[in-house]
Each structure stands twice: as structure tokens, then as C-alpha cells.
Amino acid sequence: MSVPGSRQPSPLPPASLRGAVDLSAFKARATAAPPQHAPRPAGAGTPGETPAATAPEAGPGAATVPVEVDEANFPELVQLSSQAPVVVALWAQYSPESQRVRDELGADVAAYGGRLAYATADIEAFPQLAQALGVQAVPTVIAFLKGQPIPLFQGAAAPAQTRQLFDELLRVAEANGVTGTVDGAPAPPPSEPPLPPLHQEAFDALERGDLGAADAALTKALAENPADHEAKAALAQVHLMVRTQGLGQEEADRAREAAAQSPDELDPQLVVADLDAAGGHVEDAFARLVGFIGRNFGPEREAARVRLLELFEVVGPTDPRVSSARQQLARALF
């Protein structure tokens with residue numbers, strides 16, 4: 001076998017469980033009982049156990065100590081791949097590049113907190129594996145999932161490419177019901193991505209009840225990015241909270257009475273629409289403002305339309321009640 005002439009990774013066939021290499025003949029040899037004098041590799045347990053060395057004990061970024069694959073422990077790794085994907089780096093003594101890739105992958109795998117297992121295979125010591133997998137050069141990195149091999153890459157890969165491949169491997173694993181970790185525990189749920197700084201600032205302000213600071217942060221976020229739909233929706237919610245926060249029961253009752261007595265007076269209709277939206281009666285709020293818009297013209301009509309659109313943002317543009325109200329608004333306007 002030869003070392004690739006270029007340090008750029010060579011693409012292998014697309015990762016697909018349907019296109020897996022047939023290892024049945026090799027597995028038959030590998031699953032045969034090993035000779036009694038055959039030494040157990042470091043970190044390998046008894047058949048059926050998770051090889052202990054595959055579980056990263058250090059924090060993210062620390063290298064994982066791999067299991068060195070041989071005929072004795074290969075069946076265990078195949079079995080482990082039904083619990084968590086097993087990444088295998090094939091290397092050789094004659095290839096310094098393959099040894100470097102082998103060592104660097106330990107840290108990459110460890111960053112996944114046990115959701116991936118890691119093993120290495122010296123193709124000179126274990127040529128049957130390379131032959132069965134059709135490996136033509138080292139380094140070559142292959143994953144096993146539910147006993148099936150999935151080619152990842154040949155040659156050296158940039159860290160970003162490695163992460164992308166591992167992320168995709170975990171997505172394929174999840175789609176096939178493999179959601180554990182190397183220690184047998186269920187995989188933790190994926191962490192939420194961090195909020196943008198101004199969004200986080202607004203969230204923190206809301207947590208401490210500072211609506212003014214939340215308004216300022218979200219307004220700044222929209223000024224920097226007018227297409228920030230999340231900030232726009234959050235700002236609409238903050239505005240609704242500001243408008244309804246100080247209204248006591250007596251004030252709310254007076255507003256409802258005024259709205260009933262003067263259906264074409266704008267301010268009571270806006271207050272009651274806000275109260276209905278804040279109380280979860282969004283269809284009533286929408287109907288009130290659409291009705292006002294249909295009966296009135298001029299600046300007051302426009303003010304009611306702007307408030308209605310803001311309430312649409314509060315409820316969410318994909319809500320079916322918003323879709324229905326938009327149709328009613330179009331009829332009222334035209």
C-alpha cells in the first residue's frame with residue numbers, strides 16, 4: 001500500500017448504509033475464538049463489553065485513547081457500533097502522515113463527549129481488515145454503524161471537514177436508531193446554540209423585568225439587521241408587555257366599556273385588542289381591529305392596521321389564526 005502523494009483528503013464513496021462493503025467473510029474469521037495465548041489489547045474488555053479505552057475521560061479537546069483493532073477485539077467494536085458509531089483510523093508504520101492523523105483524531109473524537117468511539121488499525125499488523133474494506137492507501141478513516149462500514153475520508157482532513165463528517169455521521173446514526181454513548185448512557189440532547197449578543201442582552205433584561213433595556217437591545221438588533229425576524233417578533237412582544245403591564249382590572253373594565261360604547265373611537269379599541277391578545281384571546285383581538293379598519297379611514301385606520309400587524313408578529317406569522325386574519329384584513333382594505 002502507498003501513501004497518498006497529496007496532503008489533501010481524497011473523497012471516498014458517499015456515506016451510505018445501503019452501499020456498505022460486505023464483510024461477512026471477514027467477520028466469520030474475526031468472530032472465531034482467538035487462541036488462548038493471544039494477548040488482549042489495552043482497553044479491550046471481555047466480549048460484549050464496551051472497550052473501556054473508547055470512552056473519553058478527559059474534557060472536550062483532550063485526546064481519546066483509542067483501541068487498537070485486531071482479530072480478537074474486532075467483533076466487540078462491531079457490536080459497539082450498534083450503540084454508538086465507531087470511528088476507525090487505518091494507519092501504517094511506514095506512513096508518518098497516517099500516524100499524525102491517527103493521533104489527531106483522538107482529540108476530535110473526544111470533543112463529542114462519548115457519542116463516538118475511536119479505534120485505530122495498523123494495516124501491516126492486521127492486513128485482513130484493509131483487504132476486506134478495500135483500503136488502497138493510508139491514512140484512511142472509516143466509521144462503523146450497526147456493524148456496517150461507512151467510508152469517511154482518505155489522506156489528511158482539516159478539522160472543520162472532520163467535524164462536518166462526524167456531525168453527518170451522528171445524524172445518520174440517529175436516523176438509524178443509534179443514539180447511545182460508548183459508556184451505554186443515552187446521548188445527551190444537543191445543546192442550544194448561543195443567542196446573538198443583543199438577543200441575549202434582551203433575554204437577560206426580560207429575566208430581571210427590565211422591559212426598557214430589552215426594548216433598547218432589540219431595537220439595536222433591528223437597526224443592525226432589519227431582516228432579523230426573531231428580534232422583530234420579540235420586540236413586538238415587549239411592546240405588548242409595556243402597553244398592558246400597568247393596566248389594573250378597573251382600567252381594563254373601563255376600556256372595555258368605552259370600546260363597547262364607542263366602537264369607532266381608536267384608543268379604546270387598541271387597549272382592548274392588546275388585553276385580548278395578552279390574555280390569549282387573539283381571534284377576538286384580530287376581529288376587533290379588522291372591524292375597526294373596515295369602518296374607518298384616514299390616520300386612525302392606519303394606526304389600527306399597524307397595531308394589527310404588530311399583534312401578528314406577537315402571535316407568529318405561521319399561526320393559522322394570523323393567516324385567517326390577514327385574509328380578513330385584505331378584504332377590509334380593498
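**Exercises: a buried aspartate and an open sheet**

Asp274 counts as buried because its relative accessibility is 4%, where buried means under 20% relative accessible area, exposed over 50% and partly exposed in between (1.4 Å probe, protein chains only). Keep in mind that this is a predicted model: local features need pLDDT of at least 70, side-chain atom pairs count only at pLDDT 80 or more, and totals for chains, interfaces and linings use all residues. Residues are numbered from 1 along each chain as its sequence is written, and side-chain values use heavy atoms, with hydrogens and water left out.

**Exercise 1.** Find the side chain that makes a polar contact with the side chain of Asp274.

*Solution.* Start with helix α10 (residues 266–278), where Asp274 is found. Helices here are DSSP runs (H or I, at least four residues), strands likewise (E, at least two), numbered from the N terminus. Now look for the partner: it's Arg243, at 2.6 Å. A polar contact is a pair of N or O atoms within 3.5 Å; within protein, one must be able to donate a hydrogen and the other to accept it, and residues adjacent in sequence count only if both atoms are side-chain atoms.

**Exercise 2.** Work out the strand order of the open sheet.

*Solution.* Two strands pair if DSSP finds at least two bridges between them. The five strands line up as β1-β3-β2-β4-β5, with mixed pairing. At the edges sit β1 (67–68) and β5 (148–154), each pairing on one side only. Next, check the pairings: β1 and β3 run parallel, joined by two bridges, while β4 and β5 run antiparallel, joined by six.
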